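Visitor: Could you take me through this model, with particular attention to how its strands are arranged and how its chains meet?

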There are 2 protein chains.
Amino acid sequence: MLDDKNPAFTPLSEIGEFGLIERLKNKTKRNLPSTAIGIGDDAAVLNHSDKTQTVVTTDLLVENVHFDFTYTPVKHLGYKCIAVNISDLAAMGATPTSILVSIAASNRVTLEAIEELYSGMQLACEKYNVEIVGGDTSSSLSGMVINITAIGTVEEGKAILRNGGNDTDLIVVSGDLGGAYMGLQVLEREKQVFKENPLVQPDLSEYEYLLQRQLKPEARVDILPMLNDLGVHPTTMIDISDGLSSEILHICKASNVGCRIYEEKIPIDPSVFKVCEEMKINAVTAAMNGGEDYELLMTIPVTDFEKIKGNPHLTVIGHLTGKDLTPYLVTNTGEVLVIKAQGWNTYK
Amino acid sequence: MLDDKNPAFTPLSEIGEFGLIERLKNKTKRNLPSTAIGIGDDAAVLNHSDKTQTVVTTDLLVENVHFDFTYTPVKHLGYKCIAVNISDLAAMGATPTSILVSIAASNRVTLEAIEELYSGMQLACEKYNVEIVGGDTSSSLSGMVINITAIGTVEEGKAILRNGGNDTDLIVVSGDLGGAYMGLQVLEREKQVFKENPLVQPDLSEYEYLLQRQLKPEARVDILPMLNDLGVHPTTMIDISDGLSSEILHICKASNVGCRIYEEKIPIDPSVFKVCEEMKINAVTAAMNGGEDYELLMTIPVTDFEKIKGNPHLTVIGHLTGKDLTPYLVTNTGEVLVIKAQGWNTYK
């Protein structure tokens with residue numbers, strides 16, 4: 001996990017918007033060849049070489065809707081908000097190059113907190129070899145708002161979309177699922193304990209993997225190069241931000257196919273099962289509907305099965321279907337359930 | 001100005017995030033050749049032709065910090081937030097192609113309000129020939145937050161930056177200044193009147209130009225093609241979002257020059273003088289520090305003076321200086337004042 005500091009505090013009003021921009025600019029400069037002009041003009045200018053297309057994605061994060069400072073270290077938040085946008089680019093088969101960061105902060109937020117946020121972002125920029133090339137800083141009346149735009153490139157026509165699935169394709173997922181959601185449940189439980197008794201010092205060491213999945217997720221930029229090496233070309237790809245149910249439905253809808261996912265095949269870490277038992281939550285439900293794992297869900301031609309068989313990073317969890325366009329989950333007891341949209345309604 | 005409707009109301013919770021995205025997607029589709037893949041995948045894919053660079057800018061707008069729904073029609077807000085980002089691209093000499101829109105709205109915001117916002121955005125997209133290619137929708141606990149990312153292209157090496165100014169260059173501004181700020185003052189005054197007596201129906205027709213400058217600014221995408229036709233190549237360019245003082249300081253600092261701006265040369269509309277007199281505000285102060293005019297401030301070689309002399313869209317307001325790096329305003333009475341940074345500190 002990332003180190004946290006205990007900083008001294010400077011109100012943002014002391015350095016003003018231009019002072020803040022100056023400090024952030026110096027902190028984030030990386031001299032990547034993709035950056036022709038970075039922070040400091042009306043817009044950034046990017047070098048994207050011939051025969052590529054530009055790929056862009058954006059994410060808006062609102063305090064107490066998407067993150068909670070009672071249990072989210074600000075540096076982790078910075079890392080995560082870059083990583084999850086890189087994840088969207090990875091799911092397109094794109095190579096990330098540049099990031100724009102907009103932040104609105106209320107006057108209770110200090111310069112040090114913003115710098116800590118940026119140092120988390122900076123760590124992610126180094127990890128994923130991207131550069132912050134611009135953004136906007138502004139005030140808010142309550143809470144922090146962060147908008148990230150991530151930009152990358154893809155070879156012309158090589159973007160991996162959601163609509164390329166064929167009715168015999170295998171459904172494959174990277175890594176394991178449900179961990180990020182159960183990490184959140186642990187944090188929410190500790191928040192309640194803390195509210196009731198602020199003196200209790202929780203020992204969360206046994207939940208380390210789950211907390212890391214929730215607080216410091218990584219984008220699977222390693223998967224596509226590995227698949228290329230194996231000679232496997234996914235027909236669809238999407239990152240798992242809202243949960244497996246929601247993402248497979250996107251693929252089925254866009255590709256006009258159905259699917260069968262087998263419960264017993266879904267990769268779930270033993271620590272997820274353990275904490276699910278503790279909390280009386282069904283582990284498969286956590287994997288299907290929990291979200292925020294930022295693993296890649298993809299479909300590949302069935303003829304490529306031998307190439308990925310036994311690969312420790314990839315698990316075949318089912319297959320697409322042609323005639324019946326219903327998306328099914330086949331349970332361990334052989335029951336066949338219809339997968340429903342679980343994309344959470346944030347407006348409730 | 002834009003027409004406002006009196007809509008029926010649907011809570012966003014009724015259609016959910018996916019329902020909202022589906023509606024917005026259909027509303028915004030334009031089939032521009034620059035859009036390879038628009039809304040609906042993990043990221044958008046853009047066709048940017050060879051020998052161009054990608055230009056990106058972003059802006060975060062927070063309710064009651066950057067806009068106030070008591071006097072901002074939601075459709076105008078939609079138009080404005082696109083126009084001001086196009087303005088940043090225009091100030092780089094770039095051709096805008098694509099827009100990403102992130103919105104967080106609280107549950108008091110209705111579907112109809114969001115659609116009205118998007119119809120204003122859509123109008124701006126048509127005017128500036130750009131397309132909304134992606135974004136994010138989310139909830140907020142209080143107030144609306146909008147983040148716009150605008151993307152465009154510029155011929156390799158042809159971006160107009162802030163650092164190209166030479167010590168004899170003329171300082172030129174498009175259009176006129178101070179109108180947007182005085183429009184805001186009129187709206188703020190009417191808000192106070194309304195608070196005291198909600199039955200008063202204000203007659204704002206005499207302020208129409210000022211209100212239009214504030215509520216529906218246009219990006220000066222017409223200026224660069226005109227300059228190209230005249231054979232004039234600006235050495236620096238910036239858009240006036242924070243006021244003339246702040247913008248000329250950016251140019252002076254980046255170009256390592258000083259300047260002399262002549263008060264009597266600053267283009268100010270008669271209606272600005274009129275309302276400034278009414279409100280006891282100095283019109284030159286409104287022009288220098290008011291901001292939000294979204295005109296272009298540029299410098300051009302002194303040898304190009306004849307080419308723009310008498311041009312109704314352009315006014316020479318002063319010149320850069322070499323030896324003395326201080327930025328000066330020369331008043332009508334011949335006084336020489338040092339121009340100070342007035343970029344408003346939003347954190348106070």
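Guide: What follows is a short exchange about a predicted model, covering a sheet and then an interface.

Visitor: Which strands are the edge strands of the open sheet formed by 6 strands?
Guide: The sheet is open and its pairing is mixed, with the order E1(A)-E2(A)-E3(B)-E6(B)-E4(B)-E5(B). An edge strand pairs on one side only, and this holds for strand E1 (35-37) of chain A and strand E5 (131-139) of chain B. From one strand to the next the twist averages 25 degrees. The edge strands are therefore E1 of chain A and E5 of chain B.

Visitor: In E3(B), which residue is the bridge partner of A:Leu46?
Guide: Strand E2 (residues 44-46) of chain A is joined to E3(B) by 3 bridges, and the two run antiparallel. In E3(B), the partner that A:Leu46 bridges to is B:Thr54.

Visitor: In which sense, parallel or antiparallel, do E4(B) and E5(B) pair?
Guide: In E5(B), B:Ser139 is the bridge partner of B:Ala105. Strand E4 (residues 95-105) of chain B pairs with E5(B) over 8 bridges, and the sense is parallel.

Visitor: What angle does the direction of helix H2 of chain B make with that of E6(B)?
Guide: Helix H2 (residues 74-91) of chain B packs on the sheet, where H2 touches strand E3 (52-62), E4 and strand E6 (145-155) of chain B. With the direction of E6(B), the direction of H2 makes an angle of about 30 degrees.

Visitor: Which element gives the largest share of the side of chain A that touches chain B?
Guide: In chain A, 61 residues are in contact with 61 residues of chain B. The side belonging to chain A divides into 28 nonpolar, 23 polar and 10 charged residues. The largest share of that side, 9 residues, comes from strand E3 (residues 52-62) of chain A.

Conventions:
Residues numbered from 1 in each chain as written. Chains lettered and ligands numbered in written order. Predicted model: local features only at pLDDT ≥ 70, side-chain atom pairs only at ≥ 80, totals over all residues. Helix = DSSP H or I, 4+ residues; strand = E, 2+ residues; numbered from the N terminus. Axes fitted to C-alpha atoms, helices over the stretch in contact; angles between N-to-C directions. Contact = placed C-beta atoms within 7 Å. Nonpolar A, V, L, I, M, F, W, Y, C, P; charged D, E, K, R; others polar.
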